[in-house]
Amino acid sequence: MVDVDEFIPDAKAEIAAELGDDTAIIALSGGVDSSTAAALAYEAVGEQLVPVYVDTGLMRKGETEEIREVFGYMDSLRIVDAADRFLGALEGVTDPEEKRKVIGEQFIREFETVARETDADYLVQGTIYPDRIESEGNIKSHHNVGGLPDAVDFEGIVEPLRDLYKDEVRSVARELGLEEVISERMPFPGPGLAVRVVGEVTREKVRVAREATHIVEDELEEYEPWQAFAAVLGKATGVKGDNRVHGHVVAVRSVESRDGMTARAQELDWETLQRLQSRITGTVEDVSRVVYDVTHKPPATIEYE
Ligand code: XMP
């Protein structure tokens, strides 16, 4: 385990030395990694850092408001509303890797714009150790802004968390005073709810994934999962009153893990499962069925795409 009291001043000194008087941007997603990297870099260089939060329309419920609350103290914070552009670009795209590519490219376009406007010389990234390992193994095209360094001629890239595991990042976040909603928050993938919708991403399916994920996170928080969320699998028949309806099938997933590289499906009691089922079908419109995913990683992945 990293010694946080040593790590923080060392990392800040490294960031300040790299940047000198130059400016940097960081893509702030609201996740633990980018939030911690941003808070660390902001302590090191203040307004020379421009944190950029892109609202892709694929974020968790209330995410944008939370970002504004937690990071509003940074005067240089930029919030970009890009939901229409992301959802437009995803129209008709069904292949999982193609989805990631489309999202990655759109991210690059959004950041390119800000990088030009702010004349940023450096890019700060919240890359952590397991990201580097998975990228090297090329399991998935992983980084949301992976292509940005090629698109923008940065003088350098700063990755202050590059040698840390997730639980170490959480300790750093707590020490930096990042609110519990951030430091204890479950990981959320860069492509957002797009990887929790099987097949084409539509506003309708994103709505279901968002509302259901909110319920799952809320209900399962006490089980302290590494990640718990809902995904939209497709449609199936159900009954509503006297009618047969064709509604969404929602999968609930809750896993234990240390670093996301392997994971175990959590054993949940029947009562909890039934409560989830009843809250999701009762409050999320047009859901006809809820299933629980009992598959470990491997052979499954944590997300659905
Ligand atoms: P999988 O689904 O590959 O996920 O078992 C492992 C961990 O990584 C997250 N994940 C991603 N994070 N971009 C990201 O930034 C991605 O494309 C991506 N895909 C998965 C996932 O939430 C889990 O924590």
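The model is predicted, so local features need pLDDT of at least 70 and side-chain atom pairs count only at pLDDT 80 or more, while totals for chains, interfaces and linings use all residues. Residues are numbered from 1 along each chain as its sequence is written, and side-chain values use heavy atoms, with hydrogens and water left out.

**Overall build**
- The protein chain holds 11 helices and nine strands, where helices (H or I, at least four residues) and strands (E, at least two) are DSSP runs numbered from the N terminus.
- Its radius of gyration, taken over C-alpha atoms, is 20 Å, close to the 19 Å that the globule rule gives for 305 residues, so the chain is as compact as a globular protein of that length; the rule itself is 2.2 Å times the number of residues to the power 0.38.
- Along the principal axes, the C-alpha atoms fill a box of roughly 70 × 40 × 35 Å.

**Burial and contacts**
- Of the 305 residues, 52% are buried, meaning under 20% relative accessible area with a 1.4 Å probe, protein chains only.
- Among contacts (heavy atoms within 4.5 Å) with a separation of 6 or more, 77% join residues 24 or more positions apart.

**His248**
- His248 lies in strand S7, which covers residues 243-256, and counts as buried at 4% relative accessibility.
- Leaving aside neighbours within four places in sequence, His248 is in contact with residues including Glu204, Val232, Asp286 and Arg289.

Methods: Buried < 20%, exposed > 50% of the residue type's maximum accessible area, 1.4 Å probe, protein only.
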